[in-house]
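Trainee: I would like to learn how to read a protein structure, one feature at a time. Could we go through an example together?

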Amino acid sequence: MSVLEFDSVTKAYGRKKALDNLSFSLGENKITGLIGRNGAGKTTMLKIAAGFMKETSGDVRAFGEHPFNNLMVSANMIMIDNDMNMPTALDLEEIMASAADFYHNWDMDLAKKLFDYFSLNPRQTHTGLSKGMKNTFNAILGLASRCPLTIFDEPTNGMDAGVRKDFYRALLKDYIAYPRTIIISSHHLSEVEDILEDILLLKDGQQFLHMPVEELREYAVVVSGKEEAINSWLRGHEVFHKSDQAFGRSYAVIRNDLTDDQIGVAMKSGLEFSTISNEDLCLYLTSQEKGGIDDVFNKG
Amino acid sequence: MSIVFLLLLIILLALSFGGFSNKIFGTRIMSGSGITKVFAGYFIILLGAGILSLMISVDETFKGDFLTDKEIEENDRLNSDIYPTIESGKIDEAEGLTKKESWEFPLKGRLLDVKIMNQHAQIFIEKVDSLEENVEVTHYSTYSYMDNIDITDRFPSPDIQLDGTILKIFPPDHVTIKLVKFSKAFPFTQFYEYGEQISNGYGMMQGMDFIYIRVPADIELSGDGYVIN
Amino acid sequence: MYLTKVSLLDVVAKQFRFKLKSFRGMFTSLMLLQVMAILFSLGGEGGGGGGSDTFSYDMKFYSGNIIMAFMLIWAFISAIVVTTQAYRYDDYAFVANRLSSHLANILFLGWASVIGGVTFALASQSLKLSVLFLKDREFIESHPLTLLQMTEGLAATILYLFLFTAIGYLVGMLVQWNKIFMIILPGLLFGSLFLNVLLGSESTFVIDIGQFFVRETSFLLFTLKVLLASALTYGIAAWVSNSLEVRK
């Protein structure tokens, strides 16, 4: 059964389409990383999945039901994001008590332990927290509620490096003990990719890639060498990114669908192959145009 | 007063749409369970005051019966008839009169001079055959009320003395009533007859005083007073 | 991981419990407004005096009406505050849908009306108590009420408050739906009042609506009128809110 399914979903704000005919399906009990640049539609997609927003067209299913304004989906889903609203009248301890009342699977023991570990003050109000502390607290809510669909939208914003590491480690441990479907959106793939199983890459409101992280590692390869050699060799290959470097050398990221023959030809023309980190690859894959920041400065 | 409320309403409305409202109607002032405790304290104080007000109100309140609007209307009707009724000598048939006090004085001689020291009451004199050596004086009054409360009893009778052949009627002491009236808010009065009273505002009505003097038939009268027969 | 089955009533009950805590600031404002209203009321509502040669009198009037007016404003504004974005979004921090959110809000505002009504009755008694301490004056209470009449009065107070929460809720939702109502609604209200003054007429739309409730002398009919009107108003508010996003 698929926990979350989008079928040609479009969300338009006026003439701008935040989501454009997006289709994908998330299987049960997987941690999926949602990657994309700012404005790629990540948050819009997550809010539609959580039932906070209504799609303009297409069909969305969470647990087989339409999530918008749906009580069953709401009870089995929690979305942790940066602008989570918490009542100003409640202190943190009371918020946790309320969460325990609402969420059937809530683990107060875990929540309390994490709360103490991150040295939060139970008498504090949510609005009184610093950004990092707020997100730490929200993350605790997301973990301890143990919802079958748990969504984290940029959960680590403002957290310091140590807390980020701890959070992801806690997430992984709790996920192993209590498997559930988790979506994490992040700018920093390198930070989360160790715990991800699948990756969903959005670009311009469309699905660009959806594959296991392992496959992504094999997805592309870097080739570099003399500019002319590269230019002639690249014909017929899918190029994700190409840039010129100093001393007449060029650098290209291409689809890793090379045959041994092709590799042999390349080696003969003095081209070198290397691997690319997933984070860099995603950056190239989602960049608006070929080239990059260098082009801005290479007008002359 | 309504203008003030209207202004207040506007101000509060403005506040409620601005961010300021959260300071007043939200909870930025106090957070957590502190509010609940403060509110509980407030409630206990109110409860104490409420119980206290029920306990002490009984013997402190103004004595007097409530008249309904109907009773007051009836009274007004009777009051207009009362003068001719008494004038025609039928005081016993007059309705709406309270007999407040009566005096009896032995007469010496066949003369009576009636003197009212301050014109505050109507004097009627009736010659009756049944009396021989006495004068009978009775003080009657119609109802007085203030805001629907019967205050007839509040007005004392005049002091009356027979000095030789002169019957002197001294005015009663000045009566001062200082009142404070507390009415319940409108939802408490809406469903009852009383509800309309406050708006109608009957205010204050002072009753008429009558001094009715009966003298033997053969007496010779002089001075104040209307002689019926 | 198995899915949790939920029933609407269960969620509404949970949200109501949640709102009892998260909206408790409303009771702070209730307290502040009541104290303010008692202080205002202590000035008295007016009085009169007069007399004759043999008699003079002097009266002062006090009543719970000022406190009641404050309470109605409180009910109205509190309901508006409930409809503001921050408070609406609070619901969606946890389990909710629109229906459950509206039902829990109505339930909470009903509860607030009860608290408002009871504290109003007590605050009114406190005012009476302080009036009793005016030692140089004799005290009268306008109408000695029977227990049944007291109970009906309290119930009517609560119903009035509830009616005002319903109106506030609708006004708040309209404003959330389109900010233009922030101008239109006061415009209609004051326009109607100005027309009243200009034309010198007794009745305006707003006053007529008020008369519909205030002139009702049967408690049973009054209850029916208020409950139906509140249900209708809340219904329209819920319908209006359908065009709002659940949460952004």
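Mentor: Start with one pair of residues: B:Thr138 stands opposite B:Tyr212 in strand S11 of chain B. Keep in mind that this is a predicted model.

Trainee: Which strands does that pair belong to, and how many bridges join them?

Mentor: Strand S4 (residues 134–142) of chain B runs antiparallel to strand S11 (residues 209–216) of chain B, and 6 bridges join them. In a regular strand the side chains alternate between the two faces of the sheet.

Trainee: In what order do the strands of that sheet lie?

Mentor: The order is S1-S4-S11-S3-S13 in chain B, an open sheet of 5 strands with mixed pairing. Strands S1 (97–106) and S13 (226–227) of chain B each have a single partner strand, so they stand at the edges and one side of each has no neighbour in the sheet.

Trainee: What does chain B look like in totals?

Mentor: Chain B has 6 helices and 13 strands. Of its 229 residues, 43% are buried. Take the contacts in chain B between residues at least 6 apart in sequence: 81% of them join residues at least 24 apart.

Trainee: Now chain A. How does strand S1 of chain A pair with strand S2 of chain A?

Mentor: Strand S1 (residues 2–13) and strand S2 (residues 16–27) of chain A pair in the antiparallel sense over 8 bridges. In this pairing A:Ser2 is opposite A:Gly27. The hairpin has 2 residues between the strands, and A:Gly14 takes a positive phi near 65° there. S1 of chain A is also joined by 5 bridges to strand S4 (residues 57–62) of chain A, again antiparallel. There A:Leu4 has A:Ala62 as its bridge partner.

Trainee: How do I read a helix, say helix H5 of chain A?

Mentor: The general idea comes first. An α-helix has 3.6 residues a turn, so residues three or four places apart point the same way. Then check the length: at 1.5 Å a residue, the 14 residues of helix H5 (residues 131–144) of chain A should span 20 Å, and the end C-alpha atoms are 20 Å apart, which agrees.

Trainee: Is H5 of chain A largely enclosed or left open by the rest of the structure?

Mentor: H5 of chain A is largely enclosed, because 11 of its 14 residues are buried. Among them are A:Phe137, A:Ile140 and A:Leu143. The cover over the buried residues includes helix H3 (92–102), helix H4 (108–117) and helix H6 (161–177) of chain A.

Trainee: What comes just after that helix?

Mentor: Just after H5 of chain A, A:Arg146 takes a positive phi of about 45°. At 6% relative accessibility, A:Arg146 counts as buried.

Trainee: Which residue forms a salt bridge with A:Arg146?

Mentor: The general idea is that side chains of opposite charge can pair when their charged atoms come close. A:Arg146 forms a salt bridge with A:Asp107, with the closest N and O atoms 2.9 Å apart. A:Arg146 is in the loop between H5 and S6 of chain A and A:Asp107 in the loop between H3 and H4 of chain A, so the pair ties together parts 39 residues apart in sequence. A:Asp107 is buried as well, with a relative accessible area of 17%.

Note on methods
Residues numbered from 1 in each chain as written. Chains lettered and ligands numbered in written order. Predicted model: local features only at pLDDT ≥ 70, side-chain atom pairs only at ≥ 80, totals over all residues. Heavy atoms only, no water. Helix = DSSP H or I, 4+ residues; strand = E, 2+ residues; numbered from the N terminus. Buried < 20%, exposed > 50% of the residue type's maximum accessible area, 1.4 Å probe, protein only. Contact = heavy atoms within 4.5 Å. Pairing = 2+ DSSP bridges. Expected span 1.5 Å × (residues − 1). Salt bridge = Lys/Arg side-chain N within 4 Å of Asp/Glu carboxyl O.
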